[in-house]
Amino acid sequence: MSHPPLHVAVVGAGIGGLTTAIALRRLGIGVDVYEQAPALGEIGAGIHLAPNGSRLLARLGLGAQLHAAAVQPETMQVRAFDTGAVLVRQPMGKLWADRFDGPHYTLHRADLHALLAAQVPAAHIHLGRRAVAVTEDTGGVTIDFADGTAVRADVAVGADGVHSVLRRALAGPERPVFSGSAAIRAVVPAGDVTGLPAGTLLTWTGPAGRLLAHPVRSHRAWAFVAVVPEARAAGDSWSRTADLSALRAAFTGAEPAARTLLEAATEAGHWSLYDREPLPRWSTARTTLLGDAAHPMLPHHGQGASQAVEDAVALAACLARRGDGPNAPAAALARYENLRLAHTSRVREGSLGGGSERLSTPPSAPGAQRAGIRQLVRDVALAQSYDVEADLAARV
């Protein structure tokens, strides 16, 4: 069925925004992306791309590039903090990919970002354009930028993260809830660490927090994140420089492999972890949200990137299947929200410490730790098994 031409303006050139542009272009929908940064650069640290996200990028034709840029871990281990004894070993690799119809990848955020950016013509990515206002009317939407320019589109998509201008325009001012913990992230060269098993997701739990590590950049580097208690938030951002001496002191007494990893870091980012309550709605007749702008969630289940990819694919499919008439965009956005809001709320609820807190039992209780990680694997499996395209098709 042919439809009147549609043009979409995406605010934010992160993983969700770029995937949205790719998915829309594959379906013949015009799209431009507006990013406030002056350049698309090397930002971020290690991330997970779970099977529910990787299989969608493969369907968009990016499977080979993704596999080349990422690592597919073979095993997950939970180790005792002080001795390094393996408490739980969970096979992954091909077994995981067969079970969930897609590989679980670990990779540097910048590598995934560069892969996605390469799929969108540069002429359609507009840098240095910080959105400051969005105005909607019956014929479309206007986005105003800080440089005094403005653009007009049929639909506006807020993919501009946890500080989303479009979210604020839709939901008004909100107060984020501090979780009482912080994440310290870094990436270190593989040659600078010893004693770490290749192709393994590692977790150490101890009295001062949890340390998680995984290989990235085709095994040339290791990324780690330390989740530690924080009495007072240092700001709703992870881009500040972390105090490495304090981080190392927090993990005094850890086994040598964990200490070596922390000692190898020359710089790290500090992220005070916040949560936001789910919105009752995130779409209007001409505007919608996706990714962290729609449903920011704590990182304990490693689902942030995959949920943004799911959003992007679902939104593109709903817009491609829109009907005719002036209300067609509104109906498509309502369908997208109906598909995604409840599901992402469930995933977000599972990430609220449900993952990490289960690993917080003391080393003196290895049985409780084993039970916790097995329950965590079951919970994560629910998100990884979900196929947003199959769900959308079942609702037709």
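Visitor: What makes E1 and strand E2 (residues 30-34) a pair?

Guide: Two strands pair if there are at least two bridges between them. In this predicted model, E1 and E2 are joined over 5 bridges, in the parallel sense, so they qualify as a pair. For a spot to look at, find His7, which stands opposite Gly30 in E2.

Visitor: Why is strand E1 (residues 7-11) called mostly covered?

Guide: A residue is buried when its relative accessible area is under 20%. In E1, 4 of the 5 residues are buried, so the strand counts as mostly covered.

Visitor: How do you know that H8 and H9 are roughly antiparallel?

Guide: Look at the angle: the axes of helix H8 (residues 304-320) and helix H9 (residues 328-350) cross at roughly 160 degrees, coming within 8 Å. Angles over 145 degrees count as roughly antiparallel, and therefore H8 and H9 are described that way. The crossing of H8 past H9 is right-handed.

Visitor: Which residues make the contact?

Guide: Among them are Ala314, Leu315 and Cys318 of H8, together with Tyr336, Leu339 and His343 of H9. The residues of this contact divide into 9 nonpolar, 3 polar and 4 charged.

Visitor: What makes strand E5 (86-91) and strand E16 (240-241) edge strands?

Guide: The open sheet has 8 strands in the order E5-E4-E13-E14-E15-E12-E17-E16, with mixed pairing. E5 and E16 each have a single partner strand, so one side of each is left without a neighbour in the sheet.

Visitor: How many bridges join strand E4 (residues 75-80) to strand E13 (residues 200-206)?

Guide: There are 6, and E4 and E13 run parallel. Met76 has Leu201 as its bridge partner in E13.

Technical notes. Residues numbered from 1 in each chain as written. Predicted model: local features only at pLDDT ≥ 70, side-chain atom pairs only at ≥ 80, totals over all residues. Heavy atoms only, no water. Axes fitted to C-alpha atoms, helices over the stretch in contact; angles between N-to-C directions. Helix = DSSP H or I, 4+ residues; strand = E, 2+ residues; numbered from the N terminus. Parallel < 35°, antiparallel > 145°, perpendicular 65-115°, else oblique. Left-handed = near helix turned anticlockwise from the far one by under 90°. Contact = heavy atoms within 4.5 Å. Nonpolar A, V, L, I, M, F, W, Y, C, P; charged D, E, K, R; others polar. Buried < 20%, exposed > 50% of the residue type's maximum accessible area, 1.4 Å probe, protein only.
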